[in-house]
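Take a moment with the sequence and the coordinates below. The paragraphs that follow walk through them step by step.

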Amino acid sequence: MRALAGAVEIVALAPDLDGDGLPNDWEVANGLDPNDPSGDNGAQGDPDGDGLPNVDEHEFGFNPQDGDTDGDGIS
């Protein structure tokens, strides 16, 4: 929290029920289980096998189920 002229700023974070660092809404939207932090559902999972873990797919705005992120026909 930061103090702003005598006030307290409250920053709401997206829920992350399994504590894997991926927001629940992003996991659900991308076919991952928001209650399972392991395997392909977790931050280090790679369900599309493209070499990018879910945490990177999330950070860059990619789909973790699409092995051809840039659409060039090559994973």
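How many aromatic pairs does a search of the whole structure find? The search finds one. Phenylalanine 60 and phenylalanine 62 form this pair, with 5.9 Å centre to centre and 40° between the planes. The pair is tilted. By definition, rings of Phe, Tyr and Trp (its six-membered ring) pair if their centres lie within 6.5 Å; planes under 30 degrees apart count as stacked, over 60 as edge-to-face and the rest as tilted. Phenylalanine 62 counts as partly exposed because its relative accessibility is 30%.

A word on the source. This is a predicted model, in which local features need pLDDT of at least 70 and side-chain atom pairs count only at pLDDT 80 or more, while totals for chains, interfaces and linings use all residues. Residues are numbered from 1 along each chain as its sequence is written, and side-chain values use heavy atoms, with hydrogens and water left out.

Now the confidence. The pLDDT is the predictor's confidence in each residue, from 0 to 100. The protein averages 88, and 85% of the residues score at least 70. Among the elements, H1 has the highest mean pLDDT, 97. Strand S1 (residues 3–4) has the lowest, 54. Where pLDDT is low, the predicted coordinates should not be read in detail.

Next, the overall layout. The protein has two helices and two strands. Their pattern along the sequence is β-β-α-α. Helices (H or I, at least four residues) and strands (E, at least two) are DSSP runs, numbered from the N terminus. Of the 75 residues, 29% count as buried. The accessible surface comes to about 4800 Å², and 54% of this surface belongs to carbon and sulfur atoms. Those areas come from the Shrake-Rupley method with a 1.4 Å probe; for residues, only the protein chains shown count as cover. Contact means heavy atoms within 4.5 Å. Of the contacts with a separation of 6 or more, 16% link residues 24 or more positions apart.

Turn to helix H1, which spans residues 24–29 and holds glutamate 27. Is glutamate 27 buried or exposed? Glutamate 27 counts as buried, because its relative accessibility is 0%. Setting aside residues up to four places away in sequence, glutamate 27 touches Asp16, Asp18, Asp20, Leu22, Leu32, Asp33, Pro34 and Asn41.

Tryptophan 26 is also in helix H1. Tryptophan 26 is buried, because its relative accessible area is 13%. Beyond its neighbours within four places in sequence, tryptophan 26 is in contact with Leu32, Asn54, Glu57, His58, Phe62 and Pro64. That list includes Phe62, a member of the aromatic pair. Tryptophan 26 and aspartate 16 are ten residues apart in sequence and 9.7 Å apart in space, C-alpha to C-alpha.

Aspartate 25 is found in helix H1 as well. Aspartate 25 counts as exposed, because its relative accessibility is 54%. Its C-alpha atom is separated by 7.9 Å from that of proline 15, ten residues apart along the chain.

Follow the chain into the loop between H1 and helix H2 (54–60), where asparagine 41 lies. Asparagine 41 counts as buried, because its relative accessibility is 19%. Its side chain and that of aspartate 36 are joined by a polar contact of 3.2 Å. A polar contact is a pair of N or O atoms within 3.5 Å; within protein, one must be able to donate a hydrogen and the other to accept it, and residues adjacent in sequence count only if both atoms are side-chain atoms. Not counting residues up to four places away in sequence, asparagine 41 touches Asp20, Leu22, Glu27, Leu32, Asp33, Asp36 and Asn54.

Two glycines complete the tour. Glycine 51 lies in the loop between H1 and H2, and is exposed, with a relative accessible area of 61%. Glycine 51 and serine 75 are 24 residues apart in sequence and 8.9 Å apart in space, C-alpha to C-alpha. Glycine 19 sits in the loop between strand S2 (7–8) and H1, and is exposed, with a relative accessible area of 60%. The C-alpha atoms of glycine 19 and alanine 43, 24 residues apart along the chain, are separated by 9.4 Å.

Definitions and conventions. Buried means under 20% relative accessible area, exposed over 50%, partly exposed in between (1.4 Å probe, protein chains only).
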